[in-house]
Amino acid sequence: MPHLSRIKPYALHLLITGVGILMLYPVLWMIASSFKPTTEIFTQSGLWPSRFTLEHYHNGWFGLRNIEFGRFFVNSFFLCVIAVGGTVISSSMAAFAFARIEFPLRRFWFALMLGTFMLPGHVTLIPQYTIFHEMGWVDTFLPLTVPKFFADAFYVFLMVQFIRGIPRELDESAAIDGCGWFKLYIRIILPLALPAIMTTAIFTFMATWDDFFGQLIYLSDIKKFTVPLGLRLFLDSTGNSNWGAVFAMSVLSVIPSFIVYFAGQKYFTEGIATTGLKG
Amino acid sequence: MQRYKTYMAGYAFLLPWLIGFLALTLGPIIASMYLSFTQYDLLTAPKWVGLANYKTMFTDDFRLTDSVQVTFKYVLLSVPLKLAFALLLAILLNQGLRMLHFYRTIYYIPSLLGGSVAISVLWKQVFDQDGLFNRMLGVFGIEGPAWISNPHYAVYSLVGLSVWQFGSVMIIFLAGLKQVPQELYEAATVDGAGILRKFARITLPLLTPVIFFNLTITLIQSFQTFTKAFVISGGTGGPINSTLLYSLYLYMKGFTFMEMGYASAMAWLLLAIIAVFTGVLFLTSRFWVFYSDGGK
Amino acid sequence: MNTRKIVSLTMLSSFLVLAACGGNGNDNSNSGASASPSAGASSSASASQPAKKVELRMAWWGSEERHEKTLKAIELFEQNNPGITITGEYSGFDGYFDKLNTQIAAGNAPDLIQMGGNIKEYAGKNSLLDLKPYIGQTINLDDFTPSLVREATVDDKVYGVTLGVSSSALLYNASMFNKAGVAVPTEKWTYDDFKTIVQQIADKLGDGYYGSYDLSSDSATLASYLGSVGKELYRDGAIHFDKQDMVNWFTLWSDLRKSGAVVPAETQVANPPTAVDKSLIVQGKVAIQSASASQISGFQALTQDQLGLITFPNGTAGSGMVPPISGQFITAYSGTKHSEEVAKFMDFLVNDPEAGAILGSTRGVPPSAKIRDSLAASTTATDKVLYDYISLVSEVAPDVDYQQFPVDTEFTKLLQLTSEKISFDVASIDSAVDEFMSEVNKLLAKAQ
């Protein structure tokens, strides 16, 4: 890797930190707002509250009748775990097929897959809802989990690009060793595509964690609500909103994504021992 | 015999996607195609109107013209900027600096807030007339306009938001950089190659599959950008349609004005536009994307 | 041929594929395995209920205060009516109508639906139940102002029961009036007074402070203005104003904008008065904006300044105020299987004294005079401002049967576009109004 060794590391740190603060200011503002009295959130422009209050955290967590905010976290986690597992398995399988195996209509299916990705979701929403309604799946977690096991065009394409970066000589040496396709997929391709797989896992987690519209459409029972839906229970743009609680719970809701990202990043940025597997 | 076994294996691995496609995706796509030839208000059954929706789109819809213009401007600006910014930071953050974990995380935080309800309030703090961005410009003696609320500049604040959330593109670049075998650099160093030469001869070519991916996906996603415009403009696409991205107008037609037939027709026009762009990208890719698998 | 049929057909064919593939039972079909863990979890999450009971679903939007009160009212109703359970399907406002539209399109809407001013877009399209057979039987509306019932009536069918009364209003920041040393207006004020007052406030408080928002884009203010000069926004399929009225209207605001009395275009777009959290009235920078009266509590919660409500100014023909209107309705889905129970609950919501005490003014001023009187003693200061204002509007509003513009959402968007073209100097008043008039005619044609 080329190192910009001639630039003083201090200057580099300064630059990175400076830009970082600029990018982070809005986030700091959100955290500050969650500790401000409601009447100050939109009237005081400074970051520092005149009086620290934890009431928004209390109201946000316990303020809803018959349910605690923690339940939404549990539900969101549940959805995320299933979504990550399903997406990684199904998308990596499809990607392996597209990138490594020759079969009839391969290009056709690939083009079709990308094509489905190009049609705006708003117009397929109602027909899709109708299907799930006819199956009796509305107001269960099924419409939000089962489709994850059918591969996602974005991640398939991502992994195809990465798998195609793995030299084919490896396949051939594996084939000589008597490896079947399945073993090749498990033993060679999956470990070598780990950066892409971790990226897929983390992105899927975050997309599921953040998804508001899909969860809103399919979930109605408050006990099945997820974090994005829970947050909006405090928001009525036509009248009263509990902004303090919104900010407080927003801060909490970012924490899991933050942890997942922080813990996961080393897997795709710390260099996988690709070289060791060669030869 | 061996060949059929290979075919079988291909379809076996493709099976999950195929099932999902046939069971859940294909039906709604056909339905939306059918709806594009109807007048459908969501509450009563669709009425067949033939090509009327398409005709109106091309002849009598000034909002659509506005929205196509805004969308092209947005896509053509935000895609290259976002990719360049993400690539630059990925390279920067891939240096052997201390505290890299920390920096990488900091830089990803804006992208973590993507779906946050607070984003519109937050964004105003940055791009308002006396917002953070203009105060920064002020240090250099430049007086910036009200980015969000001036019809001439509003689209740039959308571009800014898109670039601000460059985190996921950056991560994919970082993952791609990690796939570059270290010994290639070592060999080049032995040959006496400098930093720029190593970047041009090793990093860039080996990164082309990932660049190609990011370019294609960002392009498709930019054409479909909805949430940013919805949140920034409070759902209006204003001022004077200057943030009326195509998907926002499509949503407005379908769900607010309850013309789902027309919205479906709009969706198919968008699909055609995106398909043309993506098709061109794929056609040119054979000239500049290098696969280690020999490009089969 | 309808969509649902097509969709079901496609679905059926896909199921055949699914079944065929599942039969092979190879190790790659992880789809089958995936369904079970989530299925188990979801069935355990939904409580199982005995089959005999009547189960109703009710959808509403709001924030946690309204959720709390509505759930309490539902619990009370369930206690009084064993055998009926009502499941609340509540959410914030974001996406509420998108979800509702989807549910109606798929034939899966809740039995009871909270609606806003857009009720007429749903009425007469077979999606809402005609309540006429129940009125006077199960649902008692004797205590309601007749105009409230008329609002939900289309073609002699009644589609909703008013849950809360509100009215269009000017919301003002009294603390700013005090600071500027300007007297708070009374309902007798005229457009000339308005111009003087907003100019005074802007001048006294200095740079960055304004007497009023630019209300040229606000359809409620426009409707009232047209009334005050003896015209009407809309009646019986036609508009009752001409180009000159609109030119006068936009000139009025254009002059105020040029003299610095009202918010300039860019600031207005960045801080839209319709978004409670962005409104500059909350920050004490703008003294007057337009709002629905019942929104006052939402605004007041965010600021320590004192807020108040006042009627729109009078014109050459007197007051153009529209009588108090329904802010929100409760409606029933036409596909409900338990219309009798639905009607019973509707009556409970608006007439039961205990329910009235629980719900308070969470959806506006209660429509029943009896409930209103019993609540008067226990209202908060902000509620009292609202109640007094609604009474004031009832007194000053001329006795006309107000008709809303039929495709109201689109009209509002058009008015805003025209107003922005003028305020950003993209078009002259004359040419912008010409375009406005021709687009309005297109909207009228669409509404036919």
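Student: Which residues of helix 8 of chain A are buried?

Tutor: This is a predicted model: local features need pLDDT of at least 70, side-chain atom pairs count only at pLDDT 80 or more, and totals for chains, interfaces and linings use all residues. Residues are numbered from 1 along each chain as its sequence is written, while chains are lettered from A and ligands numbered from 1 in the order in which they are written. Helices (H or I, at least four residues) and strands (E, at least two) are DSSP runs, numbered from the N terminus; a residue is buried if 20 or more other C-beta atoms, placed from the backbone, lie within 10 Å of its own, exposed if 12 or fewer, and partly exposed in between. The buried residues of helix 8 of chain A are Ala153(A), Phe154(A), Tyr155(A), Val156(A), Phe157(A), Leu158(A), Met159(A), Val160(A), Gln161(A), Phe162(A) and Ile163(A).

Student: How many residues of helix 8 of chain A are buried?

Tutor: Helix 8 of chain A is largely enclosed by the rest of the structure. That follows from its count of buried residues, which is 11 of the 11.

Student: What percentage of the residues in chain A are buried?

Tutor: Chain A has 14 helices and zero strands, and its C-alpha atoms fill a box of roughly 70 × 65 × 30 Å along the principal axes. Of its 279 residues, the buried part is 56%.

Student: Which residues touch the most other members of the largest nonpolar core?

Tutor: A nonpolar core is a set of buried Ala, Val, Leu, Ile, Met, Phe, Trp, Tyr and Cys residues joined through C-beta atoms within 7 Å. The largest one has 298 residues, and those that touch the most other members are Ala94(A), Val156(A), Met159(A), Ile163(A), Met170(B), Phe173(B) and Leu171(C).

Student: Which element gives the largest share of this core?

Tutor: The share in question is 16 residues. It comes from a helix of chain A, namely helix 4.

Student: With which residues is Phe173(B) in contact, leaving aside its neighbours within four places in sequence?

Tutor: Two residues are in contact if their C-beta atoms, placed from the backbone, lie within 7 Å. Leaving aside neighbours within four places in sequence, the partners of Phe173(B) are Ala86(B), Leu87(B), Ala90(B), Val210(B) and Asn214(B).

Student: How many residues of chain B are in contact with chain A?

Tutor: The contact has two sides, and chain A gives 83 residues to it. The number from chain B is 82.

Student: Which element supplies the largest share of the side of chain A that touches chain B?

Tutor: The elements with at least two residues on this side include helix 1 (9-33), helix 5 (106-118) and helix 14 (243-269) of chain A. The largest share is 12 residues, and these come from helix 1 of chain A.

Student: How do the residues of the side of chain A that touches chain B divide by class?

Tutor: Ala, Val, Leu, Ile, Met, Phe, Trp, Tyr, Cys and Pro count as nonpolar, Asp, Glu, Lys and Arg as charged, and the others, Gly among them, as polar. By these classes the side has 59 nonpolar, 18 polar and six charged residues.

Student: Which element gives the largest share of the side of chain A that touches chain C?

Tutor: Here 51 residues of chain A are in contact with 49 residues of chain C. Elements giving two or more residues include helix 4 (69-100), helix 6 (125-134) and helix 12 (213-218) of chain A. The largest share is eight residues, from helix 6 of chain A.

Student: How far apart are the centres of domain 1 and domain 2 of chain A?

Tutor: Domain bounds come from an automatic or database domain assignment, which divides chain A into domain 1 (9-61) and domain 2 (68-277). Taken over C-alpha atoms, the separation of the centres is 31 Å.

Student: Which element gives the largest share of the side of domain 1 of chain A that touches domain 2 of chain A?

Tutor: In this contact, 11 residues of domain 1 of chain A meet 11 residues of domain 2 of chain A. Helix 1, helix 2 and helix 3 (55-62) of chain A each give two or more residues to the domain 1 side. The largest share, five residues, is that of helix 3 of chain A.

Student: Is Phe226(B) buried, partly exposed or exposed?

Tutor: Phe226(B) lies in the loop between helix 10 (195-223) and helix 11 (227-232) of chain B. Because 19 C-beta neighbours lie inside 10 Å, Phe226(B) counts as partly exposed.
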